[in-house]
Amino acid sequence: HTKVGRYDADPRRMFDYSRNAVLSSVRRSIERMRCSYVDLLQLHDPEFAPSVDLLVDVTVPAMAECKKRGWARSLGITGYPLEVQHEILVRCAEVGLKFDAALAYCHFNWHDASLFSPSDAFGNKNRSFFESCAERDVAVLAAAPLSMGLFSPDGPPDWHPAAPELKEACRLARDICADEAVSVTELALTWALYESRIPCTFLGIADVEELEAAVAVARKVGEGKLDDILNGKERRALSRIMAKDGPFAKVSLEGKNAWDGVTIAEKFWMSIDGGREAADDRMRKG
């Protein structure tokens with residue numbers, strides 16, 4: 001797999017959704033991986049694109065060109081705001097541009113299971129993002145089941161976009177696991193992987209020890225019902241965490257159980273000279 005759209009750590013060069021950037025990036029990835037094609041070419045962080053129009057007019061057609069050239073077998077999209085992914089999937093379908101997969105991160109975990117939550121944002125108040133994708137024959141993949149460190153023993157990194165209230169709720173969940181003498185990481189991962197509707201979940205791995213632990217959880221998930229594969233302490237911890245008066249009750253009620261990815265992108269472009277308009281013009285010429 002490889003992704004296009006986000007590249008450099010320098011904010012001035014971080015995002016490039018131009019045709020030339022797409023083609024050169026894919027070729028570079030193929031060369032680095034010493035292969036002739038990638039299985040999945042993903043449009044990354046589309047909420048940071050100068051406009052959806054640019055993606056529909058320039059970026060996704062360039063990705064389709066990569067597929068036509070044999071550089072990619074399938075096309076995907078990955079980002080945080082589900083409503084942005086939905087808009088792009090719909091807009092592209094209207095002009096004959098087909099995605100094969102949609103990857104959503106931090107939207108299926110203890111504090112946020114909105115991957116399966118119905119919303120008007122997906123064309124029907126009774127339809128979820130997952131269901132909308134299924135109707136379009138787009139496979140849904142999940143990532144960051146530990147919510148980018150919120151469910152790691154040491155807590156999230158300083159840059160994590162979660163509100164203080166959500167970070168505190170996750171700290172309480174970690175404390176519950178510590179109180180029950182269970183691994184918060186393994187329990188959160190087990191809960192996420194047990195969802196059979198999600199065919200694939202991506203998890204960041206830092207070392208061999210973490211890899212072996214993740215593999216052990218994945219193997220355990222396939223052995224039976226959730227209550228059967230958890231031990232007594234794990235069941236008690238999970239029950240306390242998911243209780244109606246548990247650590248996530250208040251933040252969920254107040255709408256602070258997730259963060260606003262669209263606003264984060266808007267603030268980014270406000271910090272860049274020329275903003276979205278200048279970037280859109282430059283990328284259309286690129």
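Trainee: At what angle do helix H11 and helix H12 pack?
Mentor: Helix H11 (residues 261–270) and helix H12 (residues 275–285) pack at an angle of about 80°, and their axes are 7 Å apart. H11 is therefore roughly perpendicular to H12, a term for angles of 65 to 115 degrees. Axes are lines fitted to C-alpha atoms, for helices over the stretch in contact, and angles run from 0 to 180 degrees between N-to-C directions. Helices here are DSSP runs of H or I with at least four residues, strands are runs of E with at least two, and both are numbered from the N terminus.

Trainee: Where do these numbers come from?
Mentor: This is a predicted model, in which local features need pLDDT of at least 70 and side-chain atom pairs count only at pLDDT 80 or more, while totals for chains, interfaces and linings use all residues. Residues are numbered from 1 along each chain as its sequence is written, and side-chain values use heavy atoms, with hydrogens and water left out.

Trainee: Which residues of H11 and H12 meet?
Mentor: From H11, Ala-265, Glu-266 and Trp-269 meet Gly-275, Arg-276, Ala-279 and Met-283 of H12. Contact means heavy atoms within 4.5 Å. The residues of this contact divide into four nonpolar, one polar and two charged. Ala, Val, Leu, Ile, Met, Phe, Trp, Tyr, Cys and Pro count as nonpolar, Asp, Glu, Lys and Arg as charged, and the others, Gly among them, as polar.

Trainee: Turning to the sheet, what is the order of its strands?
Mentor: The order is S1-S2-S3-S4-S5-S6, in an open sheet of six strands with parallel pairing. Two strands pair if DSSP finds at least two bridges between them. S1 and strand S6 (201–202) stand at the edges with a single partner strand each, so one side of each has no neighbour in the sheet.

Trainee: How many bridges join S1 and S2?
Mentor: Strand S1 (residues 2–4) and S2 pair in the parallel sense over three bridges. The chain passes from S1 through helix H1 (residues 19–33) to S2 in a right-handed β-α-β crossover. Right-handed means that, with the strands pointing away from the viewer, the path from the first strand over the helix to the second runs clockwise. H1 lies across S1 and S2, at about 160° to S1.

Trainee: And S2 itself, is it buried or exposed?
Mentor: Six of the seven residues of S2 (residues 38–44) are buried, so this strand is largely enclosed by the rest of the structure. Buried means under 20% relative accessible area, exposed over 50%, and partly exposed in between, using a 1.4 Å probe and protein chains only. S2 also pairs with strand S3 (residues 72–79), in the parallel sense over six bridges.

Trainee: Which residue stands opposite Leu-40?
Mentor: That is Ser-74 in S3.

Trainee: Where is Cys-106 found?
Mentor: Cys-106 lies in the loop between S4 and H4. Asn-109 is found in the loop between S4 and helix H4 (129–135), and is buried at 1% relative accessibility.

Definitions and conventions: Parallel < 35°, antiparallel > 145°, perpendicular 65-115°, else oblique.
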